[in-house]
Amino acid sequence: MATHFQLFIAASQLGWASYVRNKRATASLIQHIKSIEPVSDAVAKRIYFYTIQSAVTNLWFSTLRGYAPTPLERRNALYMGAITPLVDDATDENGMLSDEILMHLRRKDDDAFKAASGLYQSIRATAQSSFDAIAEKTLHAQDDSVQQLGAAKLSQEEIRSITFAKGGYATLVYRIMLQNELAPHEEEAILLLGSLLQMTNDAFDVYKDYHAGAQTMFTTTNDIAPLRHL
């Protein structure tokens with residue numbers, strides 16, 4: 001069992017990585033992005049919060065493997081945190097799907113995603129070889145999750161499959177950015193962890209999702225016991 005001192009050290013490392021160091025790095029990155037394309041204050045704020053999430057996830061996986069993230073690994077996590085808000089901002093108006101998004105991200109100096117494509121190219125060049133394929137699966141899972149807002153009624157198994165893929169691959173992509181190869185069964189464990197994180201997110205968002213008409217495992221059930229068991 002962890003001692004109070006060990007918990008204090010862990011909390012201090014988390015606070016340093018996600019707020020102090022990340023805040024400085026994100027401020028510098030936002031200035032770099034603004035030198036490439038206009039970025040609203042709302043998007044800049046979302047980049048900041050996404051990079052906090054990236055820093056935390058990066059620290060998880062680094063701690064589990066037993067050594068600190070390298071500067072390159074921290075940079076990749078920072079870039080990934082910035083990509084999502086930039087892509088969302090560029091695609092919200094035209095409903096762009098994953099294949100088209102990937103086409104733009106994979107182009108160097110793409111006109112549609114000027115900043116995001118450059119960040120993506122930097123990660124792609126230095127992450128594990130499977131990064132691009134996992135990023136593609138992550139975006140495809142996002143495509144599938146649009147069905148949760150549709151009028152067509154989904155089965156519990158369909159919702160579960162969408163939920164698990166969305167959370168699983170969105171978590172795995174951060175592990176693939178680290179330099180060392182996956183251990184046996186590690187990918188399976190990370191996909192399961194991501195599924196749990198997505199379920200937790202849906203549990204906290206149940207009121208909002210219910211009133212938005214979103215079909216999640218929590219908004220479409222009349223019995224909480226099976227979800228508690230799961």
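1. A residue is termed exposed when its relative accessible area is over 50%, and buried when that area is under 20%. The model under discussion is predicted.

2. By that cut-off His185 counts as exposed, because its relative accessibility is 64%. The residue is found in the loop between α7 and α8. Its backbone deserves a remark: His185 has a positive phi of about 70 degrees, although it is not a glycine.

3. The helix α7 has 21 residues. From first C-alpha to last, α7 reaches 30 Å, close to the 30 Å expected at 1.5 Å a residue. Buried residues in α7 include Ile159, Ile162 and Thr163, and among the others are Gly167, Gly168 and Tyr169. Towards the end of the helix, Thr171, Leu172, Val173, Tyr174, Arg175 and Ile176 are also buried.

4. Which helix gives the most to the lining of the largest pocket? That helix is α7, with 7 residues. At least two lining residues each also come from α2 (41-65), α3 (71-91), α4 (98-105), α6 (131-145), α8 (186-204) and α9 (206-212).

5. The space in the largest pocket amounts to about 1600 Å³. Its lining comprises 47 residues, and Tyr50, Thr84, Asp88, Gln142 and Lys166 are those that lie nearest the centre of the pocket. By residue class, the lining divides into 21 nonpolar, 17 polar and 9 charged residues.

Definitions and conventions. Residues are numbered from 1 along each chain as its sequence is written. This is a predicted model: local features need pLDDT of at least 70, side-chain atom pairs count only at pLDDT 80 or more; totals for chains, interfaces and linings use all residues. Side-chain values use heavy atoms; hydrogens and water are left out. On a 1 Å grid over the protein atoms alone, a cavity is a set of points where a 1.4 Å probe fits but cannot get out, and a pocket is an open set with protein on both sides within 12 Å along at least five of seven lines; lining residues have an atom within 4 Å of a point. Grid points are joined across faces, edges and corners, and a volume is the space filled by probe spheres set on the points. Helices (H or I, at least four residues) and strands (E, at least two) are DSSP runs, numbered from the N terminus. Ala, Val, Leu, Ile, Met, Phe, Trp, Tyr, Cys and Pro count as nonpolar, Asp, Glu, Lys and Arg as charged, and the others, Gly among them, as polar. Buried means under 20% relative accessible area, exposed over 50%, partly exposed in between (1.4 Å probe, protein chains only). The expected span of a helix is 1.5 Å times one less than its number of residues.
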